[in-house]
Amino acid sequence: MSGRSRAALLLAAVTTFSAVLVPSAHAAPKAPLTVVLDGARLQRTRARLDHDPRLRRALQDLTARADGWLDQGPWTVVDKPRPAPGGDVHEYLSQAPYWWPTTAPTAGNPWGCPYVQRDGQRNPEVDSGTDRQDAEKVFDSAYDLSLAWYYTGRRSYAEKAGQILRTWFLDPATRMNPDLEHAQFIPCKYDGRAIGIIDFSQSYTSVLDAQAILASGAPGWSAKDRSATAEWNADFLGWLKNSGFGKEEGAAANNHGTFYDMQLAALACATGDTALARRTVLDARTRRIDPQIAADGSQPQELARTRSWHYSAFDLVAYTRLAAIGRHVGVDLWSYRGPDGQSLFGAVDYLLPAATGAAAWPHPELEFHRYAASDVVHAAADAGDAAAEAAVPGLQTPDGGDLWELRPAAEQLDSIAG
């Protein structure tokens, strides 16, 4: 083969690869009406893919994740081995992780009750006998696939995301009821607990953004799908506002309360209740930041945990996403300063020495992962924190690559049992 022929083949291969990653300009979808992510920013990022090698490398990481979901799922709440208390298979069920049966299950006692607590010892049936693991797969896959479609235009990503969302939330035979009455239950003791709301609040905002991204023009995501998801979200918001569990979780004074506010504001924004979204973000100033963040930027309730680094970063995932929602409703949560100087910037800056490896984390932590804080540092840098911006080059890359520029909203980057 001549040198000219080899060059022609190489050029064709590069062109084909580029076409897979970056669709033609005429196929560009509109800016999505996301509630946490900035849709206009996503659109600008998409336009930069052709001439930004760093973005293209990140896109390869994102599409690798999306490709991994294509042959998985869809998942549904109706296929768990035992239904939630009451017998409705459409009810979401998750289980307290450190509670164990004392007897072998029987037909008359299918759970093996009574249950006793073994603190720190995770019962494996939590992962195989309830809906929590599948729900997390739904959240993660829908988000990855919708983003991958938005940046590449590949139909298979959009169709898979749509299938996953319809199966879990919409199809009558397989849909989840829009409540969390049986989250974090303890067999034979509690049919559900308010703290189980965090099963959704920590990640469901990603589903809201996935739905918005698909609604920007994805193939296979119909007007009927959009209407049905809006109805499900409105029903879920109503339950979150008015149920006893919702009110109890909203009163929590640690990360549970912050995540509740973030989920409430996001659902309100997604369903058109801008007033509730705005009020929730405004109230977070005196209701969350003042009592939960100290003058030095530490978060005392989170530092009291055995995994204080994880929970300090985790709580800031909720805060930074709440601040992102605030931008959509005209509230600048980043600029707020409490009576003792409390602020989101201060809370992020408190993490910077450990996040960059400049100093050891001086509090209890059973499983330290430096990258756990990478996204919240990115968020503060984007919001104008000079110290965070200077720290960005020293951040540890999370597993699976740094996707911040493609989905600039903080995620929980490290895992924790329970």
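So, is T130 buried or exposed? Hold that thought for a second, and keep in mind that what we have here is a predicted model.

Okay, T130. Its relative accessibility comes out at 5%, and buried means under 20%, so T130 counts as buried. Where does T130 sit? You'll find T130 in the loop between α4, which is 125-128, and α5. Now, who's around it? If we skip the neighbours within four places in sequence, T130 touches L93, S94, Q95 and E125.

Helix α5 covers residues 132-152, and it packs with helix α3, residues 53-69. The angle is about 130°, and the axes are 9 Å apart. The oblique class takes in what lies between the perpendicular range, 65 to 115, and the antiparallel one, over 145, so α3 and α5 are oblique to each other. As for handedness, α3 passes α5 in a left-handed crossing.

Who makes that contact? On the α3 side, it's L59, L62, T63, R65, A66 and W69. On the α5 side, we have K137, D140, S141, D144, L145, L147, A148, Y151 and T152. Sorted by class, that contact has eight nonpolar residues, four charged and three polar.

Note on methods
Residues numbered from 1 in each chain as written. Predicted model: local features only at pLDDT ≥ 70, side-chain atom pairs only at ≥ 80, totals over all residues. Heavy atoms only, no water. Axes fitted to C-alpha atoms, helices over the stretch in contact; angles between N-to-C directions. Helix = DSSP H or I, 4+ residues; strand = E, 2+ residues; numbered from the N terminus. Parallel < 35°, antiparallel > 145°, perpendicular 65-115°, else oblique. Left-handed = near helix turned anticlockwise from the far one by under 90°. Contact = heavy atoms within 4.5 Å. Nonpolar A, V, L, I, M, F, W, Y, C, P; charged D, E, K, R; others polar. Buried < 20%, exposed > 50% of the residue type's maximum accessible area, 1.4 Å probe, protein only.
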